[in-house]
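Colleague: Please put the model up, and then we can go through a few local features.

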Amino acid sequence: MKGHATATGNGFVDHIAAIYRKMLLHPAYSLLILLLGAPVSAIVYGVHQYRKTKYGYKAIAEETRSKLLATGRRDKLLIEAKEQLVRKHRFFGQTVSAEQTELEANRLAEIKFNESFNHELDKRLASENGLKFSFGDTYHALALNPAFFILSLIIGFPMYVLMAIYSMPYLKYVAERIVMSVFVILGVAFLVFTILYISPMNPAANLLGETATAEQIAAFNHLYGLDQPYLVQLWDTIRGIFTFDLGKSFAGNENVTAAIANKFPVTLTLTVISTLIAVLIALPIGIISATRPNSFFDYTFMFIALLGLSIPNFWQALIFILNFSIKLPWLPATYNPENWLSAIMPIVVLGTGLTAAVARMTRSSTLEVIHEDYITTARAKGLARKSVIWKHAVGNALIPIITVIGLQFGGMLGGAAVTEKVFNISGIGSYIVDKQFIPDIPSVMGGVVYTAITISIVNVIVDLMYAFFDPRIRSKMKQY
């Protein structure tokens with residue numbers, strides 16, 4: 001029993017060490033693992049250098065390199081690299097100088113030579129000392145000691161959390177996209193703030209009026225920190241975004257976070273409902289058009305979809321108000337949260353373009369898929385037409401459709417200002433438009449960045465849907 005427990009424990013450590021080695025091969029993960037487990041990394045590094053010194057690593061490495069060079073291995077690799085580059089340049093019709101070719105060939109030859117050198121060195125070290133000398137191997141050797149492993153868990157807990165995330169493909173997939181979304185949000189915040197900062201418009205002068213004195217403008221700028229250096233203002237803004245504290249707006253002195261919290265749900269709700277209805281309508285239309293190409297239904301549906309893509313939102317909204325609110329008083333002309341009928345026209349206007357785009361993409365994507373060989377094989381096996389379409393064709397056609405839905409959702413959420421203005425909706429779009437002419441920097445930053453956050457979340461969901469519907473993506477996730 002004791003031997004079995006020891007073998008199980010060693011197997012677990014071997015698994016952890018394998019993950020550690022694999023992460024060290026990726027520059028981003030190797031940096032994270034060294035930083036998050038800094039105390040552990042310091043110990044491993046010290047032992048790693050001690051082992052090299054104790055077993056004469058440098059002498060063995062130099063001897064191995066000299067022997068490999070003496071065999072002419074590097075010269076052969078250099079000749080091969082030059083021949084490959086010449087053939088490549090000739091094939092692509094490229095004119096490259098002899099010096100550039102020589103430099104590139106030396107670089108490629110050095111890479112391949114180092115691979116051969118490391119392989120030979122590992123073989124020799126293993127045969128002479130029974131040891132492996134890479135950083136990951138040193139960690140593995142130390143982790144086999146229960147005392148070190150327990151100590152490393154305590155002092156390097158964040159590192160092991162990262163390793164746990166890395167070991168689970170789906171969780172790693174989600175975590176990587178969340179991290180990328182954070183960088184996107186930071187990039188949006190930087191760009192928007194910089195544009196507002198260099199804008200020639202003067203918030204103090206615009207709000208206080210032409211009669212404002214220089215002292216009043218200076219007091220206004222000091223009150224809102226506009227007299228601070230660029231980097232100080234940028235840092236305060238980014239910190240406020242992540243702490244949900246963007247301060248007070250220039251106009252009205254209202255709490256920006258509270259104002260956005262009141263206005264953003266209206267836009268988000270209308271956009272989500274529009275998206276759901278659009279998808280429910282567009283998918284069947286696109287599939288019917290694809291399964292009956294060049295039919296009356298196909299031409300009719302695609303003509304309507306083309307109209308939907310061509311109609312400007314503001315014109316469609318005005319026509320709806322003219323017909324359904326003035327000529328036929330069926331629906332309210334302006335939005336009222338307490339009257340659900342007032343949401344019908346904004347939802348239809350927002351969803352028209354999305355419905356048309358998704359219908360056309362569904363048709364083209366499904367048409368492309370149903371002519372694939374595996375669909376022909378499924379039909380040849382005697383499967384029912386509906387079964388072939390829904391089980392085989394539609395599932396594989398969904399990837400580009402999901403992409404369009406995600407992109408259009410972001411466009412609707414960020415571009416709802418015109419629709420909100422026409423229907424007098426107090427949403428985030430109209431809020432940003434009203435504030436940008438001052439410019440009210442905290443309000444505009446809050447509106448734009450929190451919209452970007454929502455779009456980033458939607459993009460993460462879209463990426464997860466890719467993995468759910470496409471087995472090829474799931475396979476790649478497990479490989480890395």
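Modeller: Buried means under 20% relative accessible area, exposed over 50%, and partly exposed in between, with a 1.4 Å probe and protein chains only. This is a predicted model, in which local features need pLDDT of at least 70, side-chain atom pairs count only at pLDDT 80 or more, and totals for chains, interfaces and linings use all residues. Residues are numbered from 1 along each chain as its sequence is written, and side-chain values use heavy atoms, with hydrogens and water left out.

Colleague: Is N424 buried or exposed?

Modeller: N424 lies in the loop between α20 (417–422) and α21 (428–436); helices are DSSP runs of H or I with at least four residues, numbered from the N terminus. Its phi is positive, about 55 degrees, although N424 is not a glycine. Most residues other than glycine have a negative phi. With a relative accessible area of 55%, N424 is exposed.

Colleague: Where is F244 placed?

Modeller: F244 is a residue other than glycine with a positive phi, near 55 degrees. Its relative accessibility is 56%, so F244 counts as exposed. Its place is in the loop between α13 (230–242) and α14.

Colleague: Which residues does K112 touch, not counting those up to four places away in sequence?

Modeller: K112 sits in helix α6 (residues 98–129). At 35% relative accessibility, K112 counts as partly exposed. Its C-alpha is 9.8 Å from that of R73, and K112 and R73 are 39 residues apart in sequence. Taking contact as heavy atoms within 4.5 Å, K112 touches L77 and Q84.

Terms used
Helix = DSSP H or I, 4+ residues; strand = E, 2+ residues; numbered from the N terminus.
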